[in-house]
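Here is a short report on one protein chain. Look at the sequence and the 3D structure first, then read on.

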Amino acid sequence: MISWLYIEYRTRMEREGHSFKTHVIQWFEVLDGLLGKKWKYVGLAFNCVYLLFAAITQLIACGSNIYLVNDGLNKREWTYIFGACCLVTIWIPSFRNYRLWSVFGLITITYTSWYMTVSALVYGQAPGATHDGPNSLVLYFTGATNILYTFGSHAATVEIMHAMYRPVKFKYVYLFATLYIFTLTIPSSMAIYWSFGDALLENSNALSLLPKSTARDVAVLLMIIHQFVTVGFAVTPLYFVWEKILGVHQENNMLLRASCRVPIILLIWFLAIAFPFFGSINSVLGCLLVTFSVYIIPCLAHMVYFCNSSIRAVIIPSSNQSSNVHLGCSPLSNQSHHDLTN
């Protein structure tokens with residue numbers, strides 16, 4: 001639904017002569033262009049808070065994971081170090097510069113997930129393991145957040161689409177990516193829960209329950225790299241929003257843009273250090289924020305915008321043949337359509 005609204009907004013803007021060579025389209029701009037200011041502010045508020053918490057969570061997770069390998073420093077001290085490392089994200093212009101890091105992140109999470117699956121099965125069931133599930137509201141929200149994060153959650157959809165050379169293919173990429181993620185999350189979560197049961201409800205890091213070994217240390221280090229990349233993914237849309245507020249988003253001077261981005265990463269760094277164990281708060285807020293940001297608002301926006309039958313019936317002429325291709329978007333010239341889809 002987000003992808004349809006993005007295509008609709010971008011085709012309309014390009015018909016009016018707007019260029020996006022140096023401007024990254026974001027979700028709140030799509031809502032603003034199609035549905036008005038009220039939708040813009042709602043989308044902006046939910047997405048920004050969601051991304052802020054996502055970045056903080058991943059930064060805290062870096063410190064928590066490295067503590068399993070080296071407990072010479074406490075978790076907050078490790079967060080100091082990783083927060084400083086995350087300062088390099090201010091120099092990454094857009095999501096197109098994350099392509100190689102994305103591939104590497106995929107490799108790291110694949111190894112970690114299958115290590116957890118195999119290790120749990122080899123370890124067997126822990127003595128006295130029970131499988132009763134959550135017995136409090138906080139634990140319920142913790143589980144709900146994990147499910148939402150795992151199966152389809154993403155607040156940077158539009159920015160990722162905009163980084164693609166063929167945005168109309170996003171829906172296929174997202175489908176295959178989701179199916180692949182299922183092969184990682186379902187086996188590992190089932191194996192770990194079978195092995196340790198309800199002990200996971202009281203333990204924020206499943207890796208800490210597995211026996212210490214070289215393979216586990218490798219999994220932890222690779223997971224840290226993955227989380228470091230995820231911090232960049234979460235904070236980059238916030239950089240874009242801040243740049244647009246300051247009016248420097250389309251500047252070619254990367255030094256100026258990087259300097260303007262510093263307050264955002266410093267805020268995330270500060271909150272991660274100040275509240276290193278805010279799991280319960282993050283679970284409740286994450287569950288509610290993800291629900292609205294990724295599911296409820298896009299569904300409502302899609303229904304409200306396309307409730308007009310004249311909009312739903314629009315046909316776009318194909319750039320390659322005389323037959324028409326229905327994309328649910330505003331009419332545009334063959335050349336404009338060709339530019340967008342390529």
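## Ground rules

This is a predicted model: local features need pLDDT of at least 70, side-chain atom pairs count only at pLDDT 80 or more, and totals for chains, interfaces and linings use all residues. Residues are numbered from 1 along each chain as its sequence is written, and side-chain values use heavy atoms, with hydrogens and water left out.

## The whole chain

The chain has 13 helices and 2 strands. Both are DSSP runs, numbered from the N terminus: helices are H or I with at least four residues, strands are E with at least two. Of the 342 residues, 47% count as buried. Buried means under 20% relative accessible area, exposed means over 50%, and partly exposed lies in between (1.4 Å probe, protein chains only).

Contact means heavy atoms within 4.5 Å. Take the contacts between residues at least 6 apart in sequence: 76% of them join residues at least 24 apart.

## Regions from the record

An unreviewed UniProt entry lists "transmembrane region" for residues 44-66, 78-96, 103-126, 138-160, 172-196, 218-242, 254-277 and 283-306. Positions follow the numbering used here, feature names are shortened, and annotations may be inferred rather than shown by experiment.

How much helix does the model have over residues 172-196? The stretch is 100% helix and 0% strand, with its end C-alpha atoms 36 Å apart. Residues 254-277 are 88% helix and 0% strand, and their end C-alpha atoms are 35 Å apart.

## Helix 10 and its partners

Helix 9 (residues 214-246) and helix 10 (residues 254-274) cross at roughly 125°, and their axes come within 9 Å. Axes are lines fitted to C-alpha atoms, for helices over the stretch in contact, and angles run from 0 to 180 degrees between N-to-C directions. The two helices are therefore oblique to each other. Angles under 35 degrees count as roughly parallel, over 145 as roughly antiparallel, 65 to 115 as roughly perpendicular, and the rest as oblique. The crossing of helix 9 and helix 10 is right-handed: the near helix is turned clockwise from the far one by less than a right angle. Residues of helix 9 in this contact include Tyr-239 and Trp-242, while those of helix 10 include Arg-257 and Pro-263.

Helix 3 (residues 37-69) also packs with helix 10, at about 55° and with the axes 9 Å apart. This pair is oblique too. Leu-52, Ala-55, Ile-56, Leu-59 and Ile-60 of helix 3 make the contact with Leu-267, Ile-268, Trp-269, Leu-271 and Ala-272 of helix 10.

Ser-3 lies in helix 1 (residues 2-15). Its relative accessible area is 14%, so Ser-3 is buried. Leaving out residues up to four places away in sequence, Ser-3 touches Met-161 and Phe-170.

Ser-195 sits in helix 8 (residues 170-196). Ser-195 is buried because its relative accessible area is 0%. Beyond its neighbours within four places, its contacts include Ala-120, Tyr-123 and Gly-124. Ser-195 and Thr-117 are 78 residues apart in sequence, yet 9.8 Å apart in space, C-alpha to C-alpha.

Helix 2 (residues 27-35) has buried residues, among them Trp-27 and Phe-28. Gly-36 follows helix 2 and has a positive phi, near 110°.

## Cysteines

A disulfide is a covalent bond between the sulfur atoms of two cysteines. Here a disulfide is counted when two cysteine sulfur atoms are within 2.5 Å. The count is 0.

Cys-86 is buried, at 1% relative accessibility. Cys-299 is partly exposed, at 31%.
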